[in-house]
Amino acid sequence: MRLYCLSNDLAKPCYVITFKGLRIMLDCGLTEQTVLNFLPLPFVQSVKLSNLPNWIPSREHDPQMDGELKECCSRIFVDSSPEFTPPMDKMMDFNEIDVILISNYLNMLALPYITENTGFKGKVYATEPTLQIGRFFLEELVEYIEVAPKACTASLWKDMLHLLPSPLCDAFRPKKWKTIFSLKDVHNSLAQVTIMGYDEKLDILGAFVATPVSSGYCLGSSNWVLSTAHEKICYVSGSSTLTTHPRPINQTALKHADVLIMTGLTQAPTVNPDTKLGELCMNVALTIRNNGSALIPCYPSGVVYDLFECLTQNLENAGLNNVPMFFISPVADSSLAYSNILAEWLSSAKQNKVYLPDDPFPHAFYLRNSKLKHYKHVFSDGFSKDFRQPCVVFCGHPSLRFGDAVHFIEMWGNNSNNSIIFTEPDFPYLQVLAPFQPLAMKAFYCPIDTSLNYQQANKLIKELKPSVLVIPEAYTKPHPSAPNLFIEQPDKKIITFKCGEIIRLPLKRKLDRVYITAEMAMKIVPRDVGNGFSVSTVTGLLQVKDKVHNIHPCCEKTAEQQASGNGKVLPPTREEILNNIKYEYGTLDVDMLMKRLVQDGITNIKMERNNSALTLHLVNEDTTIKFDENETHIVCGGKQSLRLKLRDTLLKCLQSF
């Protein structure tokens with residue numbers, strides 16, 4: 001078994017494991033950090049962004065590249081449609097992938113790059129919330145970029161990396177970056193996804209039984225268990241042991257794996273999510289009291305549900321319950337409505353509200369009472385009429401390179417009473433704000449990441465007790481901001497890997513399950529061989545199809561087939577010979593052998609015992625028969641006919657089947 005690492009982003013993994021000719025892709029995360037190298041896409045032309053000066057290299061200047069790079073506050077940006085990093089396609093042709101298993105909606109955003117225009121013929125599996133919320137993310141991403149298109153695409157700068165300043169000169173494989181896919185590609189790709197439920201068994205071409213189990217991270221998120229009759233592989237990605245709105249993690253299903261692949265640990269290991277949630281609420285309240293408005297760049301699902309609930313309660317406790325909250329996203333309506341019909345995927349506390357009956361999420365109540373209002377865009381009908389300040393706005397994209405958040409930065413950026421609060425850990429907030437500098441509005445970094453931190457991961461590994469642990473190499477090294485944070489090396493074996501590596505996993509199949517047909521089973525006649533064991537021979541045709549082994553009866557010759565055209569009998573087939581073979585067992589009865597030898601006319605026999613060995617001397621025949629514990633030797637000086645006669649006599653004294 002081999003593992004291929006196709007992603008350089010630990011938080012957006014993509015792996016392929018190969019086993020017995022089968023290729024299984026685990027997640028297909030999309031690296032979005034590359035968009036930070038590009039200028040934002042405002043809905044209306046920005047005077048500031050339009051007037052940024054061109055950046056020109058000091059040497060080897062190519063006039064055709066003029067206008068591709070812009071300079072803002074000593075930082076260089078690409079003036080073009082943003083580009084993303086899909087999984088590496090040179091290590092593994094996507095048309096060779098048999099199955100894709102998705103852990104959560106954050107790890108499936110590269111799916112259109114893999115399934116469309118690549119010859120992909122495999123199958124994709126995910127839970128229902130993963131599919132539906134993943135659809136929201138993809139549709140929002142495409143619409144944000146398509147609603148503010150760029151006139152041309154910049155590409156010449158990629159040939160001059162050695163002349164560019166940091167961070168562009170350090171860009172990872174920029175020639176492999178891709179512009180966003182189309183909405184048609186999104187729909188075609190998602191149409192290939194098959195929905196699965198927690199603990200549902202999926203047979204993967206006879207090689208594995210795949211089972212999604214709850215990971216506790218987000219709605220519908222799952223860890224995958226790949227099992228056979230003799231092996232167990234667990235893939236843990238994007239998991240959480242905290243108590244939030246999704247169903248809790250299922251640890252029992254992950255225990256005692258032969259191989260445990262763990263990835264997707266927290267991107268903010270030095271902070272506590274609860275603490276940062278409290279800071280967010282405090283900063284919003286201070287902003288409102290200063291007669292300012294708060295902007296919270298967010299995704300259309302996930303942590304934003306908890307923010308609605310926590311922030312509303314805190315504003316009410318602070319006496320600011322009349323402050324309007326706006327949720328702006330092309331999929332806002334669908335996301336809010338869908339979250340309230342997912343009872344089976346929620347924690348028990350949320351499920352109990354459904355049976356009262358009550359809304360599992362309070363934002364349904366806020367919507368009915370106009371405490372929370374949602375719109376597709378800032379230019380949607382009715383928004384300008386309802387909009388008033390101070391207020392709290394939730395909108396995308398967290399990168400601030402496209403979406404409605406760009407418009408609010410342009411509108412609020414010059415007022416120091418306003419604030420922008422970052423909760424998503426996917427993007428370094430200082431790099432996010434770089435093209436908008438100088439910026440007067442206050443910026444707060446309150447990353448809320450509920451995925452496993454290093455302490456929780458170490459505790460989980462000890463409880464799961466895998467035989468072999470497989471993790472990214474970076475997890476075994478001290479974290480840059482906290483030297484004491486890393487995955488400990490317990491007594492068990494640890495295998496590490498890096499982006500672009502192919503590693504061999506210590507999983508070699510020694511046994512396999514074989515099925516026999518009912519017709520074959522009827523022909524089996526077990527023979528008791530003592531000590532509670534029964535044995536029987538099986539002679540048939542072994543068929544291997546889709547990794548499943550079946551034994552079928554051999555085709556026996558009919559009477560017509562047994563005779564050839566000239567009347568001669570055909571020689572027996574290999575199957576007929578095998579059917580006539582007998583297998584001897586048990587202990588030799590020496591007294592019976594002596595009697596049979598006398599009946600065959602052999603007399604003058606002398607017996608000699610030496611420890612566990614027995615020797616019979618046939619004096620008149622000048623022959624010796626030696627019996628050891630596990631073998632018999634007949635020494636008769638070249639008398640072949642006598643040797644065969646003695647062999648047949650000896651076999652008659654043993655039991656056989």
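How much space lies in the second largest pocket? I looked this up in the predicted model, where local features need pLDDT of at least 70, side-chain atom pairs count only at pLDDT 80 or more, and totals for chains, interfaces and linings use all residues. Residues are numbered from 1 along each chain as its sequence is written, and side-chain values use heavy atoms, with hydrogens and water left out.

**Second largest pocket.** I find about 790 Å³ of space there, a volume being the space filled by probe spheres set on grid points that are joined across faces, edges and corners. For a pocket I take an open set of points on a 1 Å grid over the protein atoms alone, where a 1.4 Å probe fits, with protein on both sides within 12 Å along at least five of seven lines; lining residues have an atom within 4 Å of a point. I note 45 lining residues, of which Tyr217, Val303, Ile448, Asp449 and Thr450 lie nearest the centre. I also note that the lining draws at least three residues from each of domain 1 (2–147 + 154–269 + 451–504) and domain 2 (273–445), with bounds from an automatic or database domain assignment.

**Largest pocket.** I find about 990 Å³ of space in the largest pocket, which is lined by 37 residues, with Asn8, Asp9, Gln33, Gln267 and Pro428 nearest its centre. I record that domain 1 and domain 2 both give residues to the lining of the largest pocket, so it lies between them.
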